[in-house]
Structures are given as structure tokens and as C-alpha cells.
Amino acid sequence: MRIRRLDTIHLILLAVLAAGIAAALPAQQPRALTAADYARAEKFLGPALNPLVVGGSVSANWLPDERFWYRNTTPAGAEFILVDPGRRTRARAFDHVRLAAALSAAAGSKFAADNLPFQTIEFSTDGRNISFEAAGRRWTCDVQGAGCIAAGEATGARASGGRGGRGGAGRGGAAGSSVASPDGKRSTYIRDWNLWLRDTAGGQEKQLTTDGVKYFGYATDNAGWSSSDRAIVLWSPDSRKIATYQQDEREVGEMYLVSTPVNPVGHPTLRVSKFPLPGDPVMAMLHRVIIEADTGRVIRFQMQPDYHRATLGDNFSLRDMQWSPDSSRLAFISTSRDHKQAVLRIADAATGTVRTVYEEKVATQYESRIQCQVLWATNEFLWYSQRDDWGHVYLHDLSTGKLNNQVTTGEGPVMQLVRLDEKNRIMWFAAQGREKGEDPYFRHFYRIGLDGRNYTPLTPDTGDHSIQLSPSGRFLVDTYSQPDVPPAVTLRDGDGRLVMPLEKADISKLVAAGWKPPVPIKMTARDGKTDIYGLMFQPTDLDLRKKYPVVNNVYPGPQTGSTGSRSFTPARGDRQALAELGFIVVTIDGLGTPGRSKTFHDAYYGAMGRDNTIPDQVAGMKQLAQKYPYIDLDRVGIWGHSGGGFATTTAMFRFPDFFKVGIAESGNHDQRVNEDDWGERYQGLLVRSADGNDNYEVEANQNFAKNLKGHLLLAHGTMDTNVPPYQTLMIADALIKANKDFDMLMLPNQNHGYGTASSYMMRRRWDYFVKWLLGADPPKEYPLGQPATGRGGNPPPSGVRIP
């Protein structure tokens, strides 16, 4: 007993002594990051890294005989390469050294062979000469470099025109941007809410419509968040008719933004725009018309006006219209307000009579990854549908709408129609998730007959692909890469067989600068069975003995995901730069994002705020922490922009014990005050109950602000035309009422992407995570991206616009 008493006394004396020593020592100072730490991190942004990748890119310029040339970047500068697929040859397109000498002598200036003063060339018919513009003149030079002859003044950039376009306010007053006819002889534009015509050669103007009035104008592009002054028109192939609409927004609700008068100081400017909201009784409506360019005759479609909707995205799209080759008929798709119904119709261009051909109804929302293709010669059409849970192409009869046959089948959605050969009844397309054992977001390309036969994979190498088809389809240039594998370019024949390698990116300078690729990650979703994928960014000086806080850079969908393209890129926003400050940064494409099955995409339809893919982010990070023990799940942060800002407040308010720090940039936190099309597509129509509540109420994140436990920074541009800044102010109001501490940064006069303030926002984001998640002091007011420091800025990494 005496021994035990002595031991106890000794322990007490030791504890008192230790406490005394601790009291005598100075308080431990928090770790501080220096300007040098930030400068090192800044070297991992795009402006510093992108120039360190050399080559690995081919932009094929096809010649009539299916040879092609391209400009190749080399360590010394650039070279022009000519490829003959038939002969399997690759060589310089001309004698660079001799041509440089000949051009220098003719122009009176010194030009180097590896830095010639032009980027594009034209071959003569016989292939013996090339023409280009340089030093203010147009030149013709012998490919052997024997001599160069000046052939007049440089024409400069040729005027570009197209059959359709979209663009801005479209309101009236001064003339808007014009859209050229296919023959280039005329162009059309908006003035004072009406459509006008201008003769290209003489400049004469003619007013086509006269009854356009304010907010009931022709071809206007000013509904919702996107706007321009360009006429939204589709010229007929014969250049004599214009398909467009008269858009009625007269009773549509408005959004008001007030500028900050900083330069010059004075009265602020009020910006007023039409901005319908979910549940509004009046929407922007399109009265479809065809206008005869010669006479100005307006042929109105004999149908009710259409909602301002599209089969993909949240703005009216010209991809949903298609002229017949003889310009007598127009095919178009009408989409219902809730996006659950898409109807293919055909209008008679002379009378305006409309015939319904086919319609598809779905339980959630219909979208088409490819443009509906009408095969006028054979009286058929190609239709995109997810009716079997995968996005596939179907061939239908144009007269009856009946299904002829399914063209594509199997797992993995069709994502792009590359080319359609109607004569030979073949199509080339891109799809994802068809190659077993690969990241399902890797794009591969295929060829198939319209009867569903002769399915041919064209890009066998593992990776994310893009292709350039020769005019005949007998050859293709295939570029492929992975997030951690640099690009390679090969030439293949029409059946996907290798003809020859062309280029491979040189990343030796990138690696020498200390760069390391992100780590592809695979996890299981919250359902315990569905594989989900993403990327992980680690400090390049990772110490496996340490614990690192993890930052989740999120974008929830439903129209895109967190990770973005799976192609190689040296920098993905500032994710790696942030990791260099002492974090693990992850992007995870959870349930509810596109590019997989219909079931996967619709995972949280109608439950945006409650879900926002956050349960998958949590599940994924927990699995990563088991695999990588240096991940510290006691220090988890999250940030996102736009829809990612919305997801961030979902995380901080609905999962407050998991997420400790959040930065919500320009979030659309309540869809009832967001642009109508996005909410009504993915949440469904707003339905009010007898007690005054609605189905959007439970999704609104301000209603859960009282749950905040961690540190939250709210940020928004004060002139955001996409997500109004009062969305963030609603969150702030709720936090104030709940007596919660938070931080807020309003960026004066900045739109959705922050523009000139993007580098400032990035620096503040770094500071916030360093202070509250890393537990360190950031360097004071580090000048990130300021020209005086020789550094380059970078836009917000998750600045994905909410469509």
C-alpha cells in the first residue's frame, strides 16, 4: 500500500511540474505559410505549365486527294508536315530552310526556318507551290524554297458567316450582330426588335419585319441568363428563307442588377433583363415563323407557340431545326415546359402548316446528345432516346413516325454524332463506357450502318479520344490521352487499323519542373454497388508519414460533373496548386451526373438540394481514406462554383459533422429564384400545396442554415446575370437570423465567372482553406496573378455555367 501511495504522489508531483513548465514556455505559434509557398503553388497553374508541353497535337487540313498537312510544335519552334495516307509517308511540307531564306530576301526581313511568320498555308493544284500571308502581303513560294513572289496585299481574316448563331441582348436600337446567308450574298440582323437584311456587296439595308415591339421581337436572344445581340436564325439552303421566331416576353418577370459606380463615380446603372422563374405563370414563348428574304413575307406556323426550351441545355438551340435540301420544309422539335415531352414536327415553308411526326414522353426529363437528323431523300429520321436506360440512336419512318430499327445498342451512351453518310447509310459516332476495364468517361469512336449492322470500333487504344475524319471516311486522325498519360496522335484507316504514328507530346520540361499527374480514382457510390470515378491531386512532395486535410472540389450536375474531360491537361484549374499548399484535392463524379446510364443521371431528379451528389462525395472520400491513410477525414473542406456553390451549402448545412470548411461561389441555392429552365428540367414543375408550401421548399438550402457548424465563405459577383447575387444574400440572411458566424465576399461589377477578379477570388480561396482547414496563417495579401509579379491568373476551376 505504501508503494502505491508513493507512486501516486510521484505522479501528482510530475503532473504539477509539467504544468509549471508548460506555463513558463511561450504559447505555440500557428504554422505560417510564406509568400514563397504561394509562389511555388502558383507555378502549378495553367499559365506556367501549359507552355511546358510540346507537340502532341494535330489539326488536319485535308486536301482533295486525302493527303493532309498540319503545323507541328517542336522544341525549336514549329514545322509544317505533309502526310500521304495512301503512301504511308510523313514529311515536311516544304523546305523550311530554303523557303525562309527566299522569303527573307523577297520581303526584306529576316525569318527563321523554325519560326516562320505564318500559321496556315494553301497548296497549289499541282502541289508545287504554297501560298500564305506574311508581313502584310500574300506570298506564293516554291515548295523547294527556290523563290517567293509577292501576290498582292494580305486579305486579313476572312469574314466568317454561318447559317445560324446565337448571341446577347437582342433588344433593339443599334443593329445587332449579323448572320450571313449560305451563299454569302446577304446577312440578317436585329434592329429595334425587327429583322433586317443587308446586301453584302453594296451594303443596302432592307427591313424584313415591321411589327416587332419591345419584348415581342424577332429572332431575339434575351430570355433567361444567356443573351446576345445576334439574330437567332437558320437560313434555308437556297439562301431565300429564314427560319426564326417572334419571342413574346412582354409579361415575363424581370431580374434587376445594380452596378457599383467605381469608374466613373456617379449614379449606378440598373440592368433589367427578362428572367422567368420556376412556377411563374408566364414564360418566354416562341411564335415560330419563316421569313422570305426577297419579299419580307412572314409565314407564321399554324400551331400554338412553343416554350423557350431545347432538347439539350437550357436555351433555345438551332440544333433542334433542320431544313430540307430543297428549302420547302423545316423540321423542328418542340420541347414541353417540364422537358418531359419532345415532339418532332415538320412545317411547310410556303403555308406554315405543321405536321406532327413523332413524340417521346419520359418520366423525368428528355435530353438528346445528338441533333435529330432527318433523312429527306429516304423519308426517315434518326432519333436519340434513353428508352432502354442508355442513350441510343433509333431510325424512324418520317411519314408515320414508326420505328424502323434501333441503330446503336448495348451499354454505354452515344455522346456525339460525328458524321452521317446518307448515301452509303453509315454513321460515325462517339460513345462512352463501352470499353471494359476503362474509365467509363473515356470517349471512343465507332462506325455503324443505319440498319444496326457492321458495328466497328475505330479507336482501340486506352484513353479519351478525339478524331478527324477524312472527307471520304477512308482515314482518320486519332488523338488520345488520359489524365496521367500525355497525348499521342495516330493515323488510322477507315476500319480503325493503324497506318502510322504521327505525334506524341513531349512533357520532359513539365516533369523537370516538378509536375506530377493527378491520380485516377475509383470508388463505390452511396448505394454500395455503383462504381464512381474521379481524380485526386496530391502535393508533389507528398510525405506518407503525415496526415493531410482533404478538399472536395464539387460540381453536382445534373448537366455536367466535377472532374470534366478525361483528356490530358497540365493544369485543371487550381486544384494541383491548392494541393501544393498541403492538401489532398479530389473531384468525384457521383450519381446524378451525365455520361452514364439514364438511371445514373436521374439519381436525384426532384431532390436537388437534399442530395446534390453529396452522399457520394462522402462515401467516396471515406473509401479513399481507407486506401490512402494520409488522408485526414477529421479535416474535410469543400468548394464549388455555380451549381458547385449550391452543393457546397448542401454539404455544410446538411452534413455539418463531416464538412468543416466550405467555400460557396455564386451558388444557386434556391431554384425558385433561379432561371426557370434549369430548375424545371431537373427538379420538375413547381407545385404548390393547399398549405402554401411547394416541392422546391425542402430543396432550398437557406432553410437549413441553422445547422452550420464549420467555417463558410460565401462569394458572388454583384452583376451575375446567370445566378443572381441575391441567391447568396438569401443564405446570408438565413445565417444572420440563425446567429451563425460566416464570411462573405461580394465582387463588385463581376459576372458569373468573376472576370478580372478571378485571381483575387482564387487567392482568397487558398487563404481560407489554409487558415481554417490547414490551421496555418496564409501570407498577407499575396499578389496572385498580378502582372507586376510576372504571374498569370486563372479562372475559377469549377466555373461551370449552370445551364
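Helices (H or I, at least four residues) and strands (E, at least two) are DSSP runs, numbered from the N terminus. With that settled, here are my notes.

**Ground rules.** I am working on a predicted model, where local features need pLDDT of at least 70, side-chain atom pairs count only at pLDDT 80 or more, and totals for chains, interfaces and linings use all residues. Residues are numbered from 1 along each chain as its sequence is written, and side-chain values use heavy atoms, with hydrogens and water left out.

**Entry: Gly644.** I looked up where Gly644 sits and found it in helix α9 (residues 643-654). Its relative accessibility is 0%, so I put Gly644 down as buried; buried means under 20% relative accessible area, exposed over 50%, and partly exposed in between (1.4 Å probe, protein chains only). Setting aside neighbours within four places in sequence, I listed Val554, Tyr555 and Pro556 as contacts of Gly644, where contact means heavy atoms within 4.5 Å. From Gly644 to Ser666 I noted 22 residues in sequence and 8.4 Å in space, C-alpha to C-alpha.

**Entry: Ala715.** Ala715 belongs to strand β44 (residues 711-717). Which class does Ala715 fall into, buried or exposed? It counts as buried, because its relative accessibility is 0%. I also checked Ala715 against Glu422: they are 293 residues apart in sequence and 51 Å apart in space, C-alpha to C-alpha.

**Entry: cysteines.** I found one disulfide in the structure, a disulfide being a pair of cysteine sulfur atoms within 2.5 Å. Cys141 and Cys148 form it, with S to S at 2.2 Å. The torsion about their S-S bond is about 115 degrees, so I noted the disulfide as right-handed. Cys141 and Cys148 are both buried. I looked at Cys372 too, and it counts as buried because its relative accessibility is 11%.

**Entry: α2 and α12.** I took helix α2 (residues 35-42) and helix α12 (residues 758-774): their axes come within 13 Å and cross at roughly 125 degrees. Axes are lines fitted to C-alpha atoms, for helices over the stretch in contact, and angles run from 0 to 180 degrees between N-to-C directions. On the α2 side I noted Tyr38, Ala41 and Glu42 making the contact, and on the α12 side Arg763, Trp766, Asp767 and Val770.
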